[in-house]
Amino acid sequence: MSGERQRFTLEEVRETFKKKDAWWTVLLVDPIAARLILPTANYTNITPNQLSIFSFILGMTAAYCFYLGDYIALVIGALLYHLSFIIDCMDGKIARLKGNGSTFGMLLDITLDHIRVMICGAALLYSQYQIYGDIAYLYLGFLFLAAYCARHINALQLYKLRRDMKGKIRKSKRKLKKTALAAGIIVTPPETETKENTEEQLDELDKPRQGEADSPEVDNENDPLKKKKVDLQQGFKSKFTTYMHIRDFFLNKRIRMHFYSGIEFQMFIFVLAPIFGFIKESILFGAILLFLFEAAIIYKIWLSTKDFERENNKILEATKTIEDTLTEEELAILYGEAPTVQK
């Protein structure tokens, strides 16, 4: 019957998993979430936004348990927090599975996540301060806040930086291709190109061939027109070859190499620490680990900026070389006006 609800399989649910994720999520969350998604998607009309709100309610219940502060309440709070996180990981997967996600849903999910973490952190540390009268818990509260905020601010800024570098590379390559075409160099995509390729994929897949018109001869290996993809991690890969082999091993299991991210930071503080009784230690050493991993990411992106500058300069130099073969009239037609020669 046409009105029958579509039945999803476990394999289809697994296809909604991220290609790489935190080890805590891959090992301790996704296996449970996948099996909860099946009945939720197949037998209910629960939306991703409703799951986000339900996850937040569980998180606030966990915060109340943390606020009570005794051991039984802390254990219940830890279990509720982990359940809240599992439900929180379901909303995006169901959105991808059913195709009913939205921009507002993504904003709602992120906002509620941050509120949950902040309130749970405040409740946990304030209760321990009230019970033991140790002001160190309040200082650790500031450290927790600083580490959590630094992690997410840093992630946002690095995302913007990577996007900016990729955007500039694409812009430079488009200008190079446009100039090459004006000089009679034919730029065509490979035969394997499909209609689904995005502009970014085309930039990576284009395999130009040189036409018969006169044009500067360039070494194929370093010719930006013949490069399938600009690699902005060359410096990092050359310095850390062993790391790359280890990374590939974990990526085959969907585990990213950022072993102590914001997710592990939360889980150690809100799940493991309340159960095993090392709240102070989890915040202190967790913050140190988080800062160290963030520093490593910053170092990696710094190496990427060096690769970006080198690769982008190659493209700009190739463009300038081709421009030198064109007449002023051809340049005027190409750019609308003769380009200004940079010194």
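Guide: Start with burial. In this predicted model, buried residues make up 40% of the 343 residues in the chain.

Visitor: How many helices and strands are there in the chain?

Guide: The chain has twelve helices and zero strands. Read from the N terminus, the elements run α-α-α-α-α-α-α-α-α-α-α-α.

Visitor: How many disulfides does a search of the whole structure find?

Guide: A disulfide needs two cysteine sulfur atoms within 2.5 Å. The search of the whole structure gives zero. Take Cys 120: the nearest cysteine sulfur belongs to Cys 65 and is 9.5 Å away, and Cys 120 is in no disulfide.

Visitor: Why does Cys 120 count as buried, and why does Cys 149 count as partly exposed?

Guide: Buried means under 20% relative accessible area, exposed means over 50%, and partly exposed lies in between. Cys 120 is buried because its relative accessibility is 0%. Cys 149 has 26%, so this residue counts as partly exposed.

Visitor: Which residues make the nonpolar surface patch?

Guide: Tyr 64, Tyr 67, Leu 68, Tyr 126, Ile 135, Leu 138, Tyr 139 and Phe 142 make a patch of about 880 Å². Helix H3 (48-68) and helix H6 (136-182) are the elements that give two or more residues to it. Tyr 139 is in helix H6 and counts as exposed because its relative accessible area is 56%.

Visitor: Which residues form the positive surface patch?

Guide: That patch consists of Lys 20, Arg 162, Lys 166 and Lys 229. Lys 20 sits in the loop between helix H1 (10-14) and helix H2 (23-43).

Definitions and conventions. Residues numbered from 1 in each chain as written. Predicted model: local features only at pLDDT ≥ 70, side-chain atom pairs only at ≥ 80, totals over all residues. Heavy atoms only, no water. Buried < 20%, exposed > 50% of the residue type's maximum accessible area, 1.4 Å probe, protein only. Patch = residues over 30% accessible without salt bridge, like charges linked within 9 Å, V, L, I, M, F, W, Y side chains within 5 Å. Areas by Shrake-Rupley, 256 points an atom, 1.4 Å probe, with all protein chains shown as cover. Salt bridge = Lys/Arg side-chain N within 4 Å of Asp/Glu carboxyl O. Lys, Arg positive; Asp, Glu negative; His and termini not counted. Charge placed at Lys NZ, Arg CZ, Asp CG, Glu CD. Helix = DSSP H or I, 4+ residues; strand = E, 2+ residues; numbered from the N terminus.
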